[in-house]
Amino acid sequence: MNVELANYLIGLDKYIVESGELIENKNIQIESPVKLKFNLVAQEDPEQVFLVDIKESDKRALKISIHHQDDSTQFGLLRVDYYSRHKNPVEITDTVPEHFKPFAGIFLDEYPGHIHYIIDGYTPLAWAIPLEFDDFQIKDVQNVNDITSAIIEFLNKINLKTKMHFTAQMRIL
């Protein structure tokens with residue numbers, strides 16, 4: 001997987017598909033911990049199939065990711081993590097963008113969230129930068145509204161065209 005292909009795949013307009021049908025509108029009940037999966041297809045390139053996986057751990061870590069799927073493999077294309085541990089590769093090649101270089105070889109634990117991208121010459125999603133240094137708008141998640149906003153931001157970033165309608169179930173302590 002290279003950056004050019006990853007950008008092409010992320011840029012495709014995508015729809016949720018259920019039982020072979022494209023879904024124009026989808027109602028989602030957000031419950032804690034959040035666990036959602038959606039299969040997506042791109043109408044303009046129907047050979048491309050994707051999986052969005054949204055998981056929240058009992059320890060409040062939240063991962064939102066999209067994977068490209070082919071016959072036998074999955075390749076991560078983009079992932080946003082909140083309150084999750086990640087260490088970037090130590091080695092910097094000439095393919096690493098300048099704004100990633102200050103984070104080489106370090107854990108991103110001091111930041112509430114980070115975003116993983118494809119970098120040529122590295123395994124998919126090996127590199128991440130803190131959300132505060134990226135244009136992803138939701139920098140932190142503290143409650144169900146933030147989680148919903150982060151999911152919506154991610155789905156917009158990957159060009160999901162299915163209209164999503166979220167309702168949240170309140171956690172009773």
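Visitor: How many aromatic pairs does the structure hold?

Guide: Happy to start there: this is a predicted model, in which local features need pLDDT of at least 70, side-chain atom pairs count only at pLDDT 80 or more, and totals for chains, interfaces and linings use all residues. Residues are numbered from 1 along each chain as its sequence is written, and side-chain values use heavy atoms, with hydrogens and water left out. Rings of Phe, Tyr and Trp (its six-membered ring) pair if their centres lie within 6.5 Å; planes under 30 degrees apart count as stacked, over 60 as edge-to-face and the rest as tilted. The number of aromatic pairs is six.

Visitor: What kind of aromatic pair do F100 and Y117 form?

Guide: Their ring centres are 6.1 Å apart. The planes make 75° with each other, and the pair is edge-to-face.

Visitor: How many residues apart are F100 and Y117?

Guide: Helices (H or I, at least four residues) and strands (E, at least two) are DSSP runs, numbered from the N terminus. F100 is in the loop between β7 and β8, while Y117 is in strand β8. The pair links distant parts of the chain, at a separation of 17 residues.

Visitor: And are F100 and Y117 buried or exposed?

Guide: Buried means under 20% relative accessible area, exposed over 50%, and partly exposed in between (1.4 Å probe, protein chains only). F100 and Y117 are both buried.

Visitor: Why is the pair of F103 and F133 called tilted?

Guide: The centres of the rings of F103 and F133 lie 5.3 Å apart. The pair counts as tilted because its planes stand at 50°.

Visitor: Which residue of β6 is the bridge partner of L51?

Guide: Strands β5 (residues 49–56) and β6 (residues 62–69) pair in the antiparallel sense over eight bridges. Within β6, the partner of L51 is H67.

Visitor: Within what arc do the buried residues of α1 fall?

Guide: In α1, A6, L9 and I10 are buried. The arc is that of the directions from the helix axis to the C-beta atoms. Seen down the axis of α1, the buried residues line one face of the helix, because they fall within an arc of 100°.

Visitor: Which ring does the charged end of R85 sit over?

Guide: A charge sits over a ring if NZ of Lys or CZ of Arg is within 6 Å of the ring centre and within 35 degrees of the ring normal. K14 lies over the face of F50, 5.2 Å from the ring centre. The charged end of R85 is 4.1 Å from the centre of its ring, that of F107.

Terms used. Pairing = 2+ DSSP bridges.
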